[in-house]
Amino acid sequence: AMSETRRPVAPGAEEILGLYFPVLDHGFVALVDYMGTDACVERAARVSYGYGTRRTSLTRGLLRYLRRHLHTTPSEMVELKFHCCMPMFVARQWIRHRTASVNEYSGRYSLMPMLFYTPEAEQLQTQSASNHQGRSGESVDPAVYQQAVQRWNAIRAQSRDAYEWLTGEEIARELARIDLPLSTYTQWYWKVDLHNLLHFLTLRVDPHAQWEIQAYGRVMAGMLERVAPLSYEAWIDYDVCGSRMSHMELEALRHLLRVDDGALRASAGSLEEPALSELGLSPREIRELFAKLEPRERPSFSLDVSQGRPAEHFQERFAEAVPSGDPATTD
């Protein structure tokens, strides 16, 4: 039974505390702690009243207003702490979000587990012709995939042999690790406030983000839904399924609609490309405007609690992958 507390508690979050959810082939995300709930965002915005004096409908209305009008400071009063394990190349993208507290596994202090990320066949794709930092959506031939896996495995076997030999010769761990590939798994504790978590998730669940970090974002969004469901709902509506509009884009919409006596009415305008160019929109901006106007499917990031694993499930796997069985640390 949960011990008595005077702290605001989210029952959905309490259900998953201590559970580790698998991501990719060896990774995971766990919500290890949180401070605050939706009610705490409201209390920070309305500092003149006590806890528990507002109805849920009023809390929802205020949180949506704050999100809609970019009043973000109250959401900084809620914090979430995650334990995450990811390939190093994902960690290097992740660390670009500098508004969090991070404590990463130390390869200087502890031996690195020899676990490496291998993409599934459908994720090994050719380079996109239009997106210089993304994949095309077209998977490679199965024979090419098998050859890629063989080459990755050969590189990893050589890196592992070198690492185990160097550490076996008592070479300093900080030097023995320097040629481990970016596919090697690392892990960290990551503590972030709600405002900056929403910024992270907006970028990382976006279809343009690298697929691997999207996988982490989706799980973390499901955890957020359990901590602060009203804030999560507002984020989905205004950020994930909403769009910012530039001055030129608004002018384009005014060619289609006009406001008469507080009502929107159809205009005789059109959104053809020549007319849009005259408004100052570049070809790329025109494509992006059309994309914004396409219907969007509302995503669901709800967690399947049955997928959660106890910490020991991953501790055992990582202990087996450490060359000497040296205990892991994040110091």
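In the predicted model, the residue that follows helix 3 is Leu70, and its phi angle is positive, near 60°. Helix 3 itself comprises residues 56–68, and its 13 residues reach 18 Å from the first C-alpha to the last, close to the 18 Å expected at 1.5 Å a residue. The buried positions of this helix are Thr59, Leu62, Leu63, Arg64, Leu66 and Arg67, and the elements covering them include helix 2 (38–45), helix 7 (194–204) and helix 9.

The loop between helix 3 and strand 3 (79–87) contains Ser75, which has a relative accessibility of 9% and therefore counts as buried, the cut-off being under 20%. The side chain of Ser75 reaches the backbone oxygen of Thr72 at 2.6 Å. When neighbours within four places in sequence are left aside, the residues in contact with Ser75 are Val41, Asp193, Leu194 and His195. Val41 lies within the residue range of helix 2 (38–45), and Leu194 and His195 lie within that of helix 7 (194–204), both of which are among the elements that cover the buried residues of helix 3.

On the side of helix 8 the contact is made by Ala221, Leu224, Glu225, Arg226 and Val227, which meet Pro229, Tyr232 and Trp235 in helix 9. Classified by residue type, this contact of helix 8 with helix 9 has six nonpolar and two charged residues, and no polar ones.

Within helix 8, Gln214 is buried, because its relative accessible area is 10% and the limit for burial is 20%. Apart from neighbours within four places in sequence, Gln214 is in contact with Arg204, Val205, Asp206, Pro207 and Ala209. One of these residues, Val205, is found in the loop between helix 7 and helix 8, and with a relative accessible area of 12% Val205 is likewise buried. Val205 and Arg135 are 70 residues apart in sequence, and their C-alpha atoms are 16 Å apart in space.

A further position considered is Glu288, which is found in helix 12 (residues 283–293). Glu288 has a relative accessible area of 38% and is therefore partly exposed, a class that lies between the limits of 20% and 50%. From Glu288 to Thr202 the separation is 86 residues in sequence and 17 Å in space, C-alpha to C-alpha.

Key: Residues are numbered from 1 along each chain as its sequence is written. This is a predicted model: local features need pLDDT of at least 70, side-chain atom pairs count only at pLDDT 80 or more; totals for chains, interfaces and linings use all residues. Side-chain values use heavy atoms; hydrogens and water are left out. Contact means heavy atoms within 4.5 Å. Helices (H or I, at least four residues) and strands (E, at least two) are DSSP runs, numbered from the N terminus. Ala, Val, Leu, Ile, Met, Phe, Trp, Tyr, Cys and Pro count as nonpolar, Asp, Glu, Lys and Arg as charged, and the others, Gly among them, as polar. The expected span of a helix is 1.5 Å times one less than its number of residues. Buried means under 20% relative accessible area, exposed over 50%, partly exposed in between (1.4 Å probe, protein chains only). A polar contact is a pair of N or O atoms within 3.5 Å; within protein, one must be able to donate a hydrogen and the other to accept it, and residues adjacent in sequence count only if both atoms are side-chain atoms.
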